[in-house]
Amino acid sequence: MSEKEYVKNIKLICELLQSDPTPGVIQGLREAFETLSKQLKAGPFLEVFEATLSNIPFSALFSLLAAPDNKLIVTVAEVTGQLLKPVTWPMVHQTFEEYIIQGLAHPHPVVKALVLRQFLKCEQKADPLCDIGMAMDYLLSEESVLAIKTLLAGNESQRFRVYDVVAAAIKDSDSSFEFFRQEGIVDLLLKEGSAKDVLVAMNFYELVPTLCESSVPYEYIEAAGVFKNVLEQVHQAKTDDSVTSSLLRLSALKLFSRMADAKGISPGRFYGKYAIAPELAELVLLPEPRSDLKITAITCVGTIGNNPEALEYLASEKTALEALVTVYNTSIGQLRVECLQAIACIFGYSATPSGTASQICYELYAKLDEGKFLVGLTKEIMKGFEESCVAGLAVIQKLALHAWGLHEIASYQNIVNFLLMRDSSRAKVAQQWQFAVIESIVKAPEAKSEFDDETFARLERYAREGPYYAVATARVAVESS
């Protein structure tokens with residue numbers, strides 16, 4: 001068997017490490033580590049990981065971070081970061097403590113960021129032995145803060161590497177938020193939202209929902225006028241058809257949709273104050289079917305509607321859900337698939353839906369295809385096109401979670417017959433969704449009363465046999481005379 005490429009590359013690195021650091025050797029190391037980084041990403045990760053550390057210890061990697069070549073430092077730092085991913089915080093702390101302070105004081109920003117990321121590995125739920133306090137002590141130490149502030153004086157890429165670390169710490173701890181606020185780091189982050197550089201503003205928008213996992217940072221961010229300013233930018237973008245304006249608008253819409261899942265807010269109050277639904281409705285109804293703004297707006301309606309409190313807001317405001325109904329009823333092809341995915345999100349807001357939100361889902365269902373939604377959806381699924389089939393089955397699986405939805409499915413024999421018919425020629429993902437629908441039906445408390453005994457027994461058998469069961473056929477051997 002021929003030697004694997006990653007093994008050859010690791011041997012080459014070992015040879016180069018034993019050579020004098022001439023310009024040619026430095027160049028060779030740079031190229032070999034770039035290749036190793038790609039090999040770790042391509043995998044199989046554990047094989048490459050074990051082969052690398054069996055031949056190149058972390059101490060050798062750390063020593064290379066002091067090399068007189070910035071490009072080599074960046075490449076080695078990337079490889080080191082990949083190799084440290086499976087390493088727990090206790091291991092990092094016990095084994096590499098001497099390198100932590102050295103790394104924070106390192107002149108290169110990539111190395112500082114590499115060290116800062118290690119402090120966020122400590123999750124007591126995943127590892128009861130992990131000392132969260134010790135990890136946070138390192139992150140909030142004078143050395144760390146100095147490294148953070150040094151990086152924040154750099155370019156966009158450096159700054160947002162640090163903001164990712166800060167946001168992750170804030171998400172898990174109000175005391176971390178207060179610390180970074182007092183150090184002025186939170187305010188520096190909030191200023192990024194008003195940057196003239198659209199990519200900087202987009203990166204900021206991406207971080208905001210992460211920061212709002214607690215009410216403390218949310219209230220501070222709100223008091224700073226962030227959400228008000230973002231909504232104003234969405235309004236202003238209507239009169240600007242430039243690419244940068246469209247990108248900013250897309251990013252702002254995603255920010256508002258992701259806020260539905262932010263644990264530090266009341267979605268109903270949030271969307272009541274920052275009324276994004278009319279904006280979404282306007283964009284959902286754009287005439288161009290392939291418009292990025294239209295597709296994103298449809299997705300955002302589904303994302304917001306996946307939260308029951310936010311769904312009640314959409315129902316009270318009406319325009320966004322009505323726009324979704326209008327587009328679905330007239331759509332074909334990919335646009336219909338996008339609508340179905342949003343509808344599945346809305347219907348699937350809970351594994352055990354009930355109450356007002358479930359009633360809202362029923363009212364939406366009744367408006368789709370002018371009350372013939374399940375009939376049309378079954379035809380769409382039976383056409384056999386993978387994307388529309390999968391999207392349609394996903395909707396039916398979510399329907400089966402609702403008592404009224406289960407009744408609708410049981411009342412339409414065509415969809416029941418389709419679900420019970422196995423077809424190995426269908427794409428695997430479609431077979432998996434078909435099985436998921438049947439599993440949801442069988443698990444529903446009302447299922448036995450909705451289906452006759454024979455049909456329910458067939459559904460139960462299908463669920464037991466799994467998604468890919470094939471009936472064995474007898475083979476007769478004919479002996480030649």
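A helix here is a DSSP run of H or I of at least four residues, numbered from the N terminus. The legends below describe close-up views of a predicted model.

**View A. Lining of the largest cavity.** Helix 16 supplies the largest share of the lining of the largest cavity, four residues. Helix 15 (226-236) and helix 16 (243-258) each contribute at least two lining residues. The residues that line this cavity are Tyr 205, Val 230, Gln 233, Val 234, Ala 237, Ser 245, Leu 248, Arg 249 and Ala 252. Its volume is about 30 Å³, and a search of the whole structure finds one cavity of 30 Å³ or more.

**View B. Phe 227 in the largest nonpolar core.** The largest nonpolar core has 129 residues, and Phe 227, Met 259, Phe 347 and Phe 373 have the most contacts inside it. Helix 22 gives the most to this core, with nine residues. A second, separate core of 36 residues includes Leu 16, Ile 26, Val 48 and Val 92. Beyond residues up to four places away in sequence, Phe 227 touches Val 208, Cys 212, Tyr 218, Ile 221, Glu 222, Leu 255, Phe 256, Met 259, Phe 270 and Tyr 274. Ring pairs also join Phe 227 into a cluster with Tyr 218, Phe 256, Phe 270, Tyr 271, Tyr 274 and Tyr 313.

**View C. The aromatic pair of Phe 347 and Trp 404.** Across the whole structure, 20 aromatic pairs are found. In the pair shown, the ring centres of Phe 347 and Trp 404 are 6.0 Å apart and the planes meet at 85 degrees, so the arrangement is edge-to-face. The pair links distant parts of the chain, with Phe 347 in helix 22 (residues 333-347) and Trp 404 in helix 26 (residues 403-410), 57 residues apart. Both Phe 347 and Trp 404 are buried.

**View D. Charged side chains over tyrosine rings.** The charged end of Arg 422 is placed over the ring of Tyr 462, at 3.7 Å from the ring centre. Lys 428 lies over the face of Tyr 468, with a distance of 5.0 Å to the ring centre.

**View E. Surroundings of Val 442.** Val 442 belongs to helix 28 (residues 428-443). Its relative accessibility is 23%, and Val 442 therefore counts as partly exposed. Leaving aside residues up to four places away in sequence, Val 442 touches Ala 447, Phe 456, Leu 459, Glu 460 and Ala 463. The C-alpha atoms of Val 442 and Leu 459 are separated by 6.7 Å, although these residues are 17 residues apart along the chain.

Key
Residues numbered from 1 in each chain as written. Predicted model: local features only at pLDDT ≥ 70, side-chain atom pairs only at ≥ 80, totals over all residues. Heavy atoms only, no water. Buried < 20%, exposed > 50% of the residue type's maximum accessible area, 1.4 Å probe, protein only. Contact = heavy atoms within 4.5 Å. Phe/Tyr/Trp six-rings, centres within 6.5 Å; stacked < 30°, edge-to-face > 60°. Lys NZ or Arg CZ within 6 Å of the ring centre and 35° of its normal. Core = buried A, V, L, I, M, F, W, Y, C linked by side-chain atoms within 4.5 Å. 1 Å grid on protein atoms, 1.4 Å probe; cavity = no way out; pocket = protein on both sides within 12 Å on 5 of 7 lines; lining within 4 Å. Points joined across faces, edges and corners; volume = space filled by probe spheres on them.
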